[in-house]
There are 2 protein chains.
Amino acid sequence: MKHRIVVIGAGFAGLTAVNDLKGAGCDITLIDQRNHHLFQPLLYQVATTLLSTSEIAWPIRAILEKRKDVTTLLATVVGVDRAAKEVILRNGMRVPYDTLIIATGARHAYFGHDEWEADAPGLKTLEDATTIRRRVLLAFERAELTPSKHEREALLTFAVIGAGPTGVELAGIIAELAHRVLPDEFRHIDTRRARILLIEAGPTILPAFSKDLSDYALSALSRSGVEVRTGKPVTEITTDGIKLGDEFIPARTVIWAAGVQASRAKDWLDAEADRAGRVLVGPNLTMPGAPEIFVLGDTAHVESGGKLVPGIAPAAKQQGAYAARLIRKRLKGGDVAKEAPFKYRNMGNLATIGRNAAVIEYGRFRLKGWLAWWVWGIAHIYFLIGTRSRLFVALSWLWIFLSRKNSARLITQKETLKDPDAIRQKSVADDVEKLST
Amino acid sequence: MKHRIVVIGAGFAGLTAVNDLKGAGCDITLIDQRNHHLFQPLLYQVATTLLSTSEIAWPIRAILEKRKDVTTLLATVVGVDRAAKEVILRNGMRVPYDTLIIATGARHAYFGHDEWEADAPGLKTLEDATTIRRRVLLAFERAELTPSKHEREALLTFAVIGAGPTGVELAGIIAELAHRVLPDEFRHIDTRRARILLIEAGPTILPAFSKDLSDYALSALSRSGVEVRTGKPVTEITTDGIKLGDEFIPARTVIWAAGVQASRAKDWLDAEADRAGRVLVGPNLTMPGAPEIFVLGDTAHVESGGKLVPGIAPAAKQQGAYAARLIRKRLKGGDVAKEAPFKYRNMGNLATIGRNAAVIEYGRFRLKGWLAWWVWGIAHIYFLIGTRSRLFVALSWLWIFLSRKNSARLITQKETLKDPDAIRQKSVADDVEKLST
């Protein structure tokens, strides 16, 4: 019988592992709650009307169509039976494995304030992105309609919490939307008077970057109309606004880009995990005492050279590739005890600020401004899957660049402001199981 | 004071009226429940994974950005106060008018069986299209996962009710999806064994076309794997399937393309209407006794040359243009009693069958097959709004044509199978009003 590999999660780590196991002669089952692989680094562009959903997501089945050794299941995993070596699906089905790869990613976390989620959505899925897009666009619509000055000001205040790359990117594009794209489209409000706040508890924005790049990003953001507030944590978020220390700021649109929490793999495995819920893995990315179980990407606490490997796409891909390499070696009879540890190769830090500035850091090489933006853009088009997406994203960007108009501005689906069930967006896999049990 | 025109509905009729009133020196307010104008003739392509939502919808504000005489409101109308000449919004606001244009379209209707809607969604909005797309794609996913043969067969049976152009187009593309696009992507099921039923109570499909074109469509559909059943009405629709006379056909995916019901304008106006709820208008498209109120498009029962004008895009546009012309004449002091009646110019009938056949009828000119498909495609690209959409739709079609792969195949948002509120998709305007009251 062929060696059976079950991969949970078709993100960067899981999909890379599956890709790199091509021709290894295994029987692979790839399980995901969604039918698409998502290019998360560009998700903020869907949230801010630059790209449409279909440009950065691909049906997993279509990607793996030619891989007859891979079976794709749209299903929700609820546990792992380590004794029987089986993955348990919500509908009760069990999928047996010889090797298990868990790469189920992370969700945003609210540092013990889960009640903030309804008012401050985070950005991890396509639905998160369309939710944020809808809220941002509806805030302008509401402001156009309201007769109350006080209400109008709160509607035209947008607060982004957390000033890592995602927060910086979101704030930059929302500022451009308000200051450059929308002004001529409204008759009662001046969208240029919108306040865009970027809030960071730490002392600086983009803390992973060197000081001069962080300073550059700060001045570029200020120029494009973003108000940066560092050094004070958010202490409260309600429907009406946010509290910053003692100061209450009325703001109807709040976006969370501050923290993440790993998926529940640690519970499935009954494994040791760090504070963010990431499973502590050994140097070969397997769970201590279970060399047949790999945990990769945002779900794993991986160290390399004594430092925590960051939760970014290149790191996840490297881990997927490493796991595939190791499995191939083992299948050829390699000794588990002699496996070379995973080594993270830092591919640099990137972040864009608005529509024509970016910062790039790669070792001692640093780049900022419009040239960095072009390098960033070309790199991201290169990393997309398939010629079609590359062509369409490149054309979309070119169009926005030339026309100065963001085009992906549909408000779809009804807002479900206070329905935690809808906000948490249970997976579509629920529906599959509903009828398949 | 300027002449105040309120237009309700930014579909083909309303938007054409607004466009043609450019430079007329009026104060125009355009009210719609959604933030986008939708190109409905291609909506079936979103429902069947050929196009993505953003390719056939445009933000109304962006379209009218340069028209400083137009104010756009995202809001829901609940009534018209004819005595005070005011439109009443759900949030209580009143918008005064001198001339009122109502062009609020139609929804699908179930001939007194509203309970069928949950199991047999119709196709009128972007959300309808993504709902149908999600259900079609999930049916294949569920079939791949289920261990039951009986269940699998029901999941792989798709029934389209109503064989007008929309029904024919939906059935044709779903058949291609099952027979040509998906087969290589599944491991447990053979999607080629899916049954696609096109059901029509009347004796023929495409009844608006001449017999030879209708016959051609029938044979083209059969060749692409669609099972056409004419002459028997559907008597029951449940979650498990449909009843056709006495025969029960298990089918998990049912799509409604059989009937429409006009929007509620007749209630707002307390006007006479036909059985489909369309307001009976005079020869100048105004309400009898109220020359300042125009009712256009799918909301109106319009006759021309003794025949009912069909509810299609060209007819709606012609009515919008007529209304704008009449308003201009009146503003110059024209006599209401001497107005030339609206005359419908038949621009022909078109329908596509699958990916490379179509039928076109224009007076005595008839065309069928692949050439008709190309004429149809070029005509529709021409009618899209803006160079960007034309370019992207043309590229999408070219891509599908060359790669034989449909690309818009994302399953997003959770299915809400039995929640009538979610299924009826209340407008996003609800949310605007929630905070603007």
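## Basis of the description

A polar contact is a pair of N or O atoms within 3.5 Å; within protein, one of the two must be able to donate a hydrogen and the other to accept it. The structure described here is a predicted model.

## The surroundings of Trp373(A)

The backbone oxygen of Arg355(A) is placed 3.2 Å from a polar atom in the side chain of Trp373(A). Trp373(A) belongs to helix α10 of chain A, which covers residues 370–383. Because its relative accessibility is 11%, Trp373(A) counts as buried, the cut-off being under 20%.

Apart from residues up to four places away in sequence, Trp373(A) touches Thr352(A), Gly354(A), Arg355(A), Asn356(A), Ala357(A) and Ala358(A). Ile360(A) is 13 residues from Trp373(A) in sequence, and the C-alpha atoms of the two are 8.7 Å apart in space.

Glu176(A) is part of helix α6 of chain A, residues 165–181. Its relative accessibility is 5%, so Glu176(A) counts as buried.

When neighbours within four places in sequence are left aside, Glu176(A) is in contact with Val181(A), Gly354(A) and Arg355(A).

## The parallel sheet of chain B

In chain B, four strands form an open sheet in the order β13-β12-β11-β17, and their pairing is parallel. The edges are formed by β13 and by β17 (253–256), each of which pairs on one side only. From one strand to the next, the twist averages 20°.

Helix α4 of chain B, residues 126–145, packs on this sheet and touches β11 (157–161) and β17 of chain B. The direction of helix α4 makes about 160° with that of β17(B).

## The pairing of β12(B) with β13(B)

Five bridges join strand β12 (residues 195–200) and strand β13 (residues 226–230) of chain B in the parallel sense. Ile196(B) has Val226(B) as its bridge partner in β13(B), while Leu198(B) stands opposite Val228(B) in that strand.

Terms used: Residues are numbered from 1 along each chain as its sequence is written. Chains are lettered from A and ligands numbered from 1 in the order in which they are written. This is a predicted model: local features need pLDDT of at least 70, side-chain atom pairs count only at pLDDT 80 or more; totals for chains, interfaces and linings use all residues. Side-chain values use heavy atoms; hydrogens and water are left out. Helices (H or I, at least four residues) and strands (E, at least two) are DSSP runs, numbered from the N terminus. Buried means under 20% relative accessible area, exposed over 50%, partly exposed in between (1.4 Å probe, protein chains only). Contact means heavy atoms within 4.5 Å. Two strands pair if DSSP finds at least two bridges between them. Axes are lines fitted to C-alpha atoms, for helices over the stretch in contact, and angles run from 0 to 180 degrees between N-to-C directions.
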